[in-house]
Amino acid sequence: MEKTFAIIKPNAVKKNCIGKIIAMAEDNGLKVVSARMQNLSSKEAEGFYAEHSQRPFFQSLVKFMTSGPVLLLAFEGENAVEKWRKLMGATDPAKAAPGTIRKLFGDSIEANGTHGSESLTAAQREVAFFFDK
Ligand code: GDP
């Protein structure tokens, strides 16, 4: 059993797609074990995406992630990290495979609907960042 960390990003929350996205996770054997809806502060978004701080899109990404409420989630399941990454699809919705979450609910490479941890190590750090308080 693994845990992974996910965010339903502001664009997908605005489009009223929380239920559809969680249903896709649940239908694929992922169980919601933690959840919190909130507006991220700039400090939280900057800290969460710290590894991208030197990328040209960093400030834009922080602005987008703080533009409205997000749903923070931890999923548990067999192979949860890889399973959720596969369900999300490629970072850029234009390149994501048909039927993936980012293809269905993404609006741009930035406003791509969801986040998912890229490794088990990242998942542990990200779950702790938002839920171990
Ligand atoms: P992920 O692991 O698939 O989420 O992709 P990355 O870790 O590379 O990027 C983190 C997040 O930054 C993505 O989910 C997007 O929201 C955003 N992002 C990635 N690449 C770009 C880009 O080229 N331009 C902009 N504006 N945002 C990007």
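1. Let's begin with the space itself. The largest pocket of this predicted model holds about 500 Å³. Its lining takes two or more residues from each of α5 (80-88), β4 (114-116) and α7 (120-131), and α7 gives the largest share, with 3 residues.

2. Next, the lining in more detail. It consists of 22 residues, and those nearest the pocket centre are Tyr 49, His 52, Phe 57, Thr 91 and Arg 102. By class, the lining has 9 charged, 7 nonpolar and 6 polar residues.

3. Where is the ligand? It sits in this largest pocket. The residues around the ligand include Lys 9, Leu 61, Ile 109 and Asn 112, along with Tyr 49, His 52, Phe 57 and Arg 102. The shell divides into 4 nonpolar, 4 charged and 3 polar residues.

4. Thr 91 places a polar side-chain atom 2.5 Å from an oxygen atom of the ligand. For Arg 85, a polar side-chain atom lies 2.9 Å from a ligand oxygen atom. Glu 110 comes in through its backbone instead: an N or O atom there is 2.8 Å from an oxygen atom of the ligand.

5. Finally, how much of the ligand's accessible area does the protein cover? On its own the ligand has 550 Å² of accessible area, and the protein covers 79% of that.

Conventions: Residues are numbered from 1 along each chain as its sequence is written. This is a predicted model: local features need pLDDT of at least 70, side-chain atom pairs count only at pLDDT 80 or more; totals for chains, interfaces and linings use all residues. Side-chain values use heavy atoms; hydrogens and water are left out. A residue is near a molecule or strand if one of its heavy atoms lies within 4 Å of it. A polar contact is a pair of N or O atoms within 3.5 Å; within protein, one must be able to donate a hydrogen and the other to accept it, and residues adjacent in sequence count only if both atoms are side-chain atoms. Accessible areas come from the Shrake-Rupley method with a 1.4 Å probe; for residues, only the protein chains shown count as cover. On a 1 Å grid over the protein atoms alone, a cavity is a set of points where a 1.4 Å probe fits but cannot get out, and a pocket is an open set with protein on both sides within 12 Å along at least five of seven lines; lining residues have an atom within 4 Å of a point. A molecule sits in a cavity or pocket if more than half of its atoms lie within 2 Å of its grid points. Ala, Val, Leu, Ile, Met, Phe, Trp, Tyr, Cys and Pro count as nonpolar, Asp, Glu, Lys and Arg as charged, and the others, Gly among them, as polar. Grid points are joined across faces, edges and corners, and a volume is the space filled by probe spheres set on the points. Helices (H or I, at least four residues) and strands (E, at least two) are DSSP runs, numbered from the N terminus.
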